[in-house]
Amino acid sequence: MAMNYWWKSRPYTSFAAFEIPGSKLLGPCNSPEFMSYRSCRGLRVNLKAFARQNQIKRSRKQGKFKKSDTSSVPNKIVLDEPNGIPDTSSSSDDTAQENMEISSINISQQSDPLVPSRRAVLQACTITSCLMGALAVTIRQSSHFLHEEGWPIIDCSTAIPFTFEVWHLELIAGLVVLVSSCRLLLLKTWPDFAESSEAANRQVLKSLEPLDYAVVAFLPGISEELLFRGALLPIFGINWASVLGVAALFGILHLGSGRRYSFAVWATFVGLAYGYATILSSSIAVPMASHALNNLVGGILWRHSSNSSK
C-alpha cells in the first residue's frame with residue numbers, strides 16, 4: 001500500500017523497478033541500462049523473424065511448404081507469412097489459365113459452322129422436294145393441256161416421258177461412274193471446291209443417321225430432275241442451247257449454304273451431263289436415277305472420309 005501511494009504521489013517520475021527473470025533489478029525504465037536491454041531485445045526479435053522468413057523460403061524451394069488450395073475460390077488471396085504480404089501469384093495464374101481455356105472454347109465454337117438438327121434437315125429436304133415436284137407436275141400438266149387446246153407449246157409429258165429400257169441401265173451406270181470420278185478428282189486438285197463441298201456436306205449430312213442418306217439423296221434427285229430436265233428443258237426446246245441454259249440455271253441455284261462459285265461450276269457440269277442423258281434416252285427416269293445414285297454415293301464417301309479422319 002505504501003509503494004502504491006508512493007507511485008501515485010509521483011506522477012512525473014519515470015522510475016520503475018524492472019526486473020529480468022534470472023537477473024538483478026535494473027532500475028528505472030528510462031535508465032541507460034533499461035534502454036540498452038530494450039534495444040538488444042528488439043534486435044533479437046528481428047533476428048528471429050528474419051531467420052523464420054529464410055526458413056520458410058528454403059522450405060518452399062524444397063517443396064515442403066504447402067500453400068492453401070485456392071482452386072475452389074478463384075479470388076482468394078493467400079497471405080505470405082510472416083510479413084503479411086498478400087501472395088496473389090497462384091490466384092492470378094489460375095485466373096489466366098481459366099481465361100485461356102474459355103477463349104479457346106469460344107474460338108472453337110466460332111470456327112465450327114452451325115449444323116442444323118436431323119429433324120430440321122429432313123423437314124427442309126422433304127418440303128423443298130415436294131414444292132419442286134409440285135411445280136414440275138404443274139408445268140408438265142399445263143403444257144399438256146395447252147398443247148391439246150392448240151397452243152404452240154411442246155407437250156412436256158410426251159416429249160420427255162417416264163419410259164425405261166434395259167440399255168438405260170448402262171447409261172445410268174456410266175453417268176454414276178463419270179460424275180463420281182470427276183468429283184473425287186476435283187476434291188484432290190481444286191482446294192476451293194473441296195472447301196465448298198465440305199461445308200455443304202457438313203451442314204446437311206453431319207446430323208443424319210445412315211438410313212437418312214437415302215432420303216436426302218433420292219428426294220432431291222427425283223424432284224430436281226423432274227423440274228429442270230422434265231419440265232424446263234422441253235419448254236425451252238430439246239436442243240443443246242436449252243441444255244446449256246437449264247444447266248447454268250441449275251448451277252446458279254446451288255449457290256449458298258457454304259457453297260461457292262466453284263460448286264456452281266460443278267453443278268453446271270453435272271447439269272450438262274444429265275441434260276445430255278435426257279436427250280439421248282428421251283426419258284426422265286435416266287437423269288432421275290443417275291442424280292439420286294450420285295447423291296447417295298457422294299454422301300457415303302463423305303461419311304467414310306469423316307470417320308477415317310476422326
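This is a predicted model: local features need pLDDT of at least 70, side-chain atom pairs count only at pLDDT 80 or more; totals for chains, interfaces and linings use all residues.
Figure 1. Because R260 lies in the loop between α9 and α10 while D192 lies in helix α7, the pair ties together parts that are 68 residues apart in sequence.

**Figure 2. The salt bridge between R118 and D212.** The closest N and O atoms of R118 and D212 are 2.5 Å apart in this salt bridge, which links distant parts of the chain, since R118 belongs to helix α4 and D212 to helix α8, 94 residues apart. R118 is partly exposed, with a relative accessible area of 38%, whereas D212, at 7% relative accessibility, counts as buried.

**Figure 3. The salt bridge between R229 and E225 within helix α8.** The side chains of R229 and E225 meet in a salt bridge at 2.8 Å, N to O, and because the two residues are 4 residues apart in helix α8, they are separated by about one helical turn. R229 is buried, with a relative accessible area of 2%, and E225, at 0% relative accessibility, counts as buried too.

**Figure 4. The buried residue R183 in helix α6.** R183 is found in helix α6, which spans residues 168–189, and R183 is buried yet has no salt bridge, the nearest side chain of opposite charge being that of E224, 11 Å away. Leaving aside neighbours within four places in sequence, R183 is in contact with F193, W266, N294 and G298.

**Figure 5. The largest nonpolar core.** This core has 15 residues, and those with the most contacts inside it are A136, L227, F228 and V246. Helices α4 (118–148), α8 (212–236) and α9 (240–252) each supply at least two of its residues, with α8 giving the most, 6 residues. Not counting residues up to four places away in sequence, V246 touches F228, R229, L232, L233 and F236. Apart from this core lies another, of 13 residues, among them I172, F193, V270 and A277.

**Figure 6. The largest pocket.** The largest pocket has a volume of about 1,300 Å³, and of the 49 residues that line it, the closest to its centre are N201, V204, R259, F263 and N295. Helices that each supply at least two residues of the lining include α6, α7 (191–205) and α10 (261–281), while the largest share, 10 residues, comes from α11.

Key: Residues are numbered from 1 along each chain as its sequence is written. Side-chain values use heavy atoms; hydrogens and water are left out. A nonpolar core is a set of buried Ala, Val, Leu, Ile, Met, Phe, Trp, Tyr and Cys residues joined through side-chain atoms within 4.5 Å. Buried means under 20% relative accessible area, exposed over 50%, partly exposed in between (1.4 Å probe, protein chains only). Contact means heavy atoms within 4.5 Å. Lys and Arg count as positive and Asp and Glu as negative; His and the chain ends are not counted. A salt bridge is a side-chain nitrogen of Lys or Arg within 4 Å of a carboxyl oxygen of Asp or Glu. On a 1 Å grid over the protein atoms alone, a cavity is a set of points where a 1.4 Å probe fits but cannot get out, and a pocket is an open set with protein on both sides within 12 Å along at least five of seven lines; lining residues have an atom within 4 Å of a point. Grid points are joined across faces, edges and corners, and a volume is the space filled by probe spheres set on the points.
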